[in-house]
Amino acid sequence: MARASEPASQEAPSFAAFDAYVEQAMRAWRVPGMAIAIVRRDRVLHLRGYGVREEGKSGAVDADTVFAIGSNGKSFTAVTLGALEDGGAIDLRSPIVNTLPRFRMQDAYANDNVTFEDALGHRSGLATQSGLAAWYMFGANVEELVASVAHMPPARPFRAGFAYNNTMFAVAAAAASATTGLSYEELVRTKVLQPLRMTRSSSTLDITARGNVATPHAYVAGVPTPVPYHPVLGASAAGSINSTARDMARYVRMMMNGGTLDGVQVLRPETAARVQQLRHVFVDDEMMDMRQLIGALQEPGRITNLGYGLGLASMTYDGATYTLHGGGIDGMTSWMAWSPEDDIGFVALTNGGNIAVPAAMMFKAVRPLIGLPDDDVLARVEPLRSALTAGPSLPQVSERLPAIAPASALVGAYANRLGAFHITDGARIRLDRTGYEGALTHLSGGRYAVRWDNPALPVWAFDIELAADGSIGGLRGIGFDSTPWFAIDPVFTRQRDKR
């Protein structure tokens with residue numbers, strides 16, 4: 001293997017077999033397009049696109065095709081805040097409330113002590129993804145997200161464990177904006193994108209109007225189906241970056257080189273090291289999706305010390321330390337990983353909604369380059385392929401009871417702290433701010449499921465809540481996965497007719 005003490009070979013390896021494997025995997029797993037970069041600290045080894053930008057159309061993906069990178073954008077926030085600390089604007093170890101006095105948590109001790117590092121390391125004590133519905137479905141802005149934390153009950157004591165939470169990234173970015181007077185979008189552009197000359201990268205969707213942009217695809221009964229880009233506004237610091245394989249190659253090489261690329265310093269070496277430092281090893285039920293995926297893709301014992309730093313995960317892979325992260329946002333998934341010890345970095349961007357494929361391509365690319373035998377990595381998760389590409393479906397009902405009220409009786413306006421929506425004639429629902437629409441389907445008794453028109457959105461349901469007089473007083477939100485979609489406020493109150 002090529003470690004820091006053993007410089008990597010300058011001989012350019014052949015990637016013909018790898019390219020053929022990628023194309024075969026894309027056909028089998030129904031991924032329309034992908035772009036991949038494989039790098040050393042000092043150069044790009046492989047950079048190319050595969051497939052098409054949109055299913056059924058001829059526009060080809062190349063190294064400059066724009067994709068949404070989802071939660072891989074979290075590290076951009078960590079780097080941005082690290083650069084602000086290097087410049088003396090903030091202290092990542094200081095309590096956020098010192099910079100953002102309006103910030104409030106229910107846990108008084110956490111409120112007074114949670115730092116930027118706690119937020120970026122997901123150790124605030126809040127539940128996994130509490131607050132997600134507020135921005136992802138209802139379109140909450142940054143100010144509303146910051147205020148919403150006061151209504152989130154702690155899931156565990158402060159710093160007692162790890163719980164992945166996008167909202168706290170929004171809080172950290174809001175505190176940085178309060179200090180600098182600059183928006184998150186301006187900060188990430190001036191601190192990261194411009195210095196690295198990432199000219200086809202942005203934290204807004206404006207870049208998607210430039211051309212050569214991949215279309216997101218969600219699965220519907222196994223078929224990749226185009227869906228719109230999801231605007232990540234209030235929680236932009238958690239995952240709003242759009243980028244290309246060429247630009248991401250520059251970002252990864254900067255991180256591999258301790259914060260500097262082509263003579264331009266983005267971070268001090270010690271700050272780059274702090275961002276990537278393993279701070280918490282996952283235990284119990286923490287990050288089970290990621291742990292199960294990585295564990296399935298590699299032999300038992302090959303990966304150890306899987307945990308998290310600041311906006312970045314970390315693992316030991318065959319004895320070397322790797323920094324890594326995955327990203328997913330409506331119809332797009334991505335994966336990045338690098339190791340200065342092995343002098344190898346990798347990025348895969350896809351316009352398909354299944355993160356197993358880009359993660360598998362990382363291991364497929366890296367293994368031969370570090371002296372491990374080649375491996376059909378996707379074969380290890382083949383039994384899961386149908387489930388991973390099935391798409392949304394309504395939950396099974398063990399006993400179907402008669403409806404306590406017809407869908408027509410639900411027509412009206414509803415609201416709570418999360419947001420507002422209308423139910424209209426024809427059993428239709430529309431979220432007021434984001435405009436997401438769907439159809440109501442009766443499941444059982446007082447429960448109606450929502451099948452959104454956009455198949456990338458989660459299946460929800462609402463239970464009828466009766467008022468004291470027996471009328472419909474509100475609807476209680478129900479999710480069917482582990483996300484606490486409605487933890488902030490589960491009941492949407494029916495609004496009085498103001499006419």
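**View 1. Helix H8 and its buried residues.** In H8, the residues Asn166, Thr167, Met168, Phe169, Ala170, Val171, Ala172, Ala173, Ala174, Ala175, Ala176 and Ser177 are buried; buried means under 20% relative accessible area, exposed means over 50%, and partly exposed is in between, using a 1.4 Å probe and protein chains only. That puts 12 of the 15 residues of H8 under cover, and the helix is mostly covered. Helices here are DSSP runs of H or I with at least four residues, strands are runs of E with at least two, and both are numbered from the N terminus. This is a predicted model, in which local features need pLDDT of at least 70, side-chain atom pairs count only at pLDDT 80 or more, and totals for chains, interfaces and linings use all residues. Residues are numbered from 1 along each chain as its sequence is written, and side-chain values use heavy atoms, with hydrogens and water left out. How far apart are the end C-alpha atoms of H8? They are 22 Å apart, which agrees with the 21 Å that the 15 residues 166-180 should span at 1.5 Å a residue; the expected span is 1.5 Å times one less than the number of residues.

**View 2. Helices H2 and H9 crossing.** The axes of H2 (residues 74-86) and H9 (residues 184-193) come within 9 Å and cross at roughly 80°. Axes are lines fitted to C-alpha atoms, for helices over the stretch in contact, and angles run from 0 to 180 degrees between N-to-C directions. H2 brings Phe76, Thr77, Val79, Thr80, Ala83 and Leu84 to the contact, and H9 brings Tyr184, Leu187, Val188, Lys191, Val192 and Leu193; contact means heavy atoms within 4.5 Å. Sorted by kind, the residues of this contact are 9 nonpolar, 2 polar and 1 charged. Here Ala, Val, Leu, Ile, Met, Phe, Trp, Tyr, Cys and Pro count as nonpolar, Asp, Glu, Lys and Arg as charged, and the others, Gly among them, as polar.

View 3. S1 and S2 form a hairpin with 4 residues between them. These two antiparallel strands are joined by 7 bridges, and Ile38 has His46 as its bridge partner in S2.

**View 4. Two loop residues with positive phi.** Most residues other than glycine have a negative phi, and most peptide bonds are trans. Asp318, in the loop between S11 and S12, has a positive phi of about 55° although it is not a glycine. Is Asp318 buried, partly exposed or exposed? With 22% relative accessibility, Asp318 counts as partly exposed. Ala221 sits in the loop between S4 (217-220) and S5 (223-226), and its phi is also positive, near 50°. Ala221 is exposed, with a relative accessible area of 70%.

**View 5. Strand S20 in the closed barrel.** The strands S15-S16-S17-S18-S19-S20-S21-S22 form a closed barrel of 8 strands with antiparallel pairing. On average, neighbouring strands of this sheet are turned by 30° against each other, direction ignored. S19 (residues 447-452) and S20 (residues 460-466) pair in the antiparallel sense over 4 bridges; in S20, Asp463 is the bridge partner of Arg447, while Trp460 is that of Val450. S20 is also joined to S21 (residues 472-479), again antiparallel, by 7 bridges, and here Trp460 has Gly479 as its partner. The hairpin of S20 and S21 has 5 residues between the strands, and Gly470 in the turn has a positive phi of about 90°. Because 5 of its 7 residues are buried, S20 is largely enclosed by the rest of the structure. Tyr448 of strand S19 is buried too, with a relative accessible area of 4%.

Conventions:
Two strands pair if DSSP finds at least two bridges between them.
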